[in-house]
Amino acid sequence: MAKISAGVATSHVPAIGAAVDLGKTQEDYWAPLFAGYEFSKEWIAKEKPDVIFLVYNDHASAFDMKFVPTFAIGCGEKFGIADEGWGPRPVPEVVGHPDLAWHISQSVIQEDFDLTIINEMEVDHGLTVPLTLMFGQPEAWPCLVIPFAVNVVLYPPPSGMRCYRLGQAIRRAVETFDDDLNVQIWGTGGMSHQLQGPRAGLINKEFDADFLERIVNDPESLAAMPHVEYMRNAGAEGIELVMWFIMRGALDKKVNELHRFYHVPASNTAVGHLILENGK
Ligand code: DHB
Ligand code: FE
């Protein structure tokens, strides 16, 4: 049977992708950030996941105001790289796992979570920057990826608790898939950041430290936090953090924390990163 072996959380700041693509990772500004992912790259090279269920948000690249799905699962064979204004990033296309994606859709939709099924779309920095941080610059991504897009761009986004429960349902779905697959689930976005208005540049280290601690050790109480508290304390774009609960809900109540990293700043954003292992 398929199994979720681990969860990864990471911010997805687009400037990180540009730093890699333009060969700037050793510059003084960027080196401390990339140092925080050295452990992660070694770890994932040994783990060799077959599939990553990658929870991310689209930033008006695949979807625009014409339609905004709350939860959208990529069931296609492959997904191209979106042009976000500077040409598509020079990274490999993303190859999906349609059979597993359809199985998960079948299972969680029948558990009353409404997913939008996407057979064709392009993926943006929300998905490609986490892959770059974990795998560097390979010719092809070393595993299959199921893109799972969450609306955190247009109000109302889903609550942290709904995301947490959806993660639990995704775990049940994965564990009833017949093939022996090593599946990882990633939650991306965050941490505190605000990109526009008078509070642009807001970063809240205390909020972020508390969030990192509680998503590992007390996720259910943290999942109950209302949207307004993210807005107030973590900035308008801090709401991206609800996506981490889909990852966390798919893991054991008690997890083994393998790695925690926090760094400020990367562009306008506080970067947070966790690797959590399910009991074996
Ligand atoms: C930045 C961060 C994001 O999460 C994003 O989607 C776009 C920009 C930034 O800090 O520049
Ligand atoms: Fe973002």
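Guide: The account below begins with the metal site and then turns to salt bridges, backbone geometry and the surface. The model is a predicted one, and every value given here is computed from it.

The metal in question is the iron ion (ligand 2), whose coordinating atoms are NE2 of H12, NE2 of H59 and OE of E240, at 2.0 to 2.2 Å. Along the chain these donors follow the spacing H-x46-H-x180-E. H12 and E240 link distant parts of the chain, being 228 residues apart. H12 belongs to the loop between β1 (3-10) and α1 (14-21), whereas E240 belongs to the loop between α9 (227-234) and α10 (244-249). Both H12 and E240 are buried. Because water is not among the atoms, the site may look incomplete, and the three residues named should be read with that in mind.

A60 is not a glycine, yet its phi is positive, at about 60°. The residue is located in the loop between β2 and β3. With a relative accessibility of 56%, A60 counts as exposed, because the threshold for that class is over 50%.

The loop between β2 (51-56) and β3 (71-74) also holds M65. M65 is exposed, with 67% relative accessibility. Together with V68, V153 and L154, M65 forms a nonpolar surface patch, and the accessible area of these residues together is about 360 Å².

A patch of negative charge is found on the surface as well. Its members are E77, D99, D178, D179 and D180. Of these, D180 is placed in the loop between α6 (160-174) and β9 (182-188). The relative accessible area of D180 is 65%, so this residue is classed as exposed.

The salt bridges may be considered next; the model contains 8 of them. One joins D210 to R214, with the closest N and O atoms 3.1 Å apart. Both residues lie in helix α7, and their separation of 4 residues corresponds to about one turn of the helix. D210 is partly exposed at 38% relative accessibility, and R214 is likewise partly exposed, with a relative accessible area of 26%.

R260 has another partner in E257, and here the closest N and O atoms are 2.8 Å apart. E257 is partly exposed, with 29% relative accessibility. Elsewhere, R171, E175 and D252 are joined into one network by salt bridges that share partners.

Strand β10 is also the location of P265. The peptide bond between V264 and P265 is cis, with omega about -5°. Beyond this strand, S267 is found in the loop between β10 and β11 (269-277). S267 is a residue other than glycine with a positive phi, near 55°. The relative accessible area of S267 is 35%, so the residue is partly exposed.

A cis peptide bond also runs from G190 to M191, where omega is near -5°. M191 is part of the loop between β9 and α7. R199 is situated in the loop between β9 and α7 (205-217) too. R199 is partly exposed, its relative accessible area being 35%. The C-alpha atoms of R199 and G76 are separated by 39 Å, and these two residues are 123 residues apart along the chain.

Conventions. Residues numbered from 1 in each chain as written. Chains lettered and ligands numbered in written order. Predicted model: local features only at pLDDT ≥ 70, side-chain atom pairs only at ≥ 80, totals over all residues. Heavy atoms only, no water. Patch = residues over 30% accessible without salt bridge, like charges linked within 9 Å, V, L, I, M, F, W, Y side chains within 5 Å. Areas by Shrake-Rupley, 256 points an atom, 1.4 Å probe, with all protein chains shown as cover. Salt bridge = Lys/Arg side-chain N within 4 Å of Asp/Glu carboxyl O. Lys, Arg positive; Asp, Glu negative; His and termini not counted. Charge placed at Lys NZ, Arg CZ, Asp CG, Glu CD. Helix = DSSP H or I, 4+ residues; strand = E, 2+ residues; numbered from the N terminus. Buried < 20%, exposed > 50% of the residue type's maximum accessible area, 1.4 Å probe, protein only. Donors = N, O, S within 2.8 Å, 3.2 Å for Na, K, Ca; no water.
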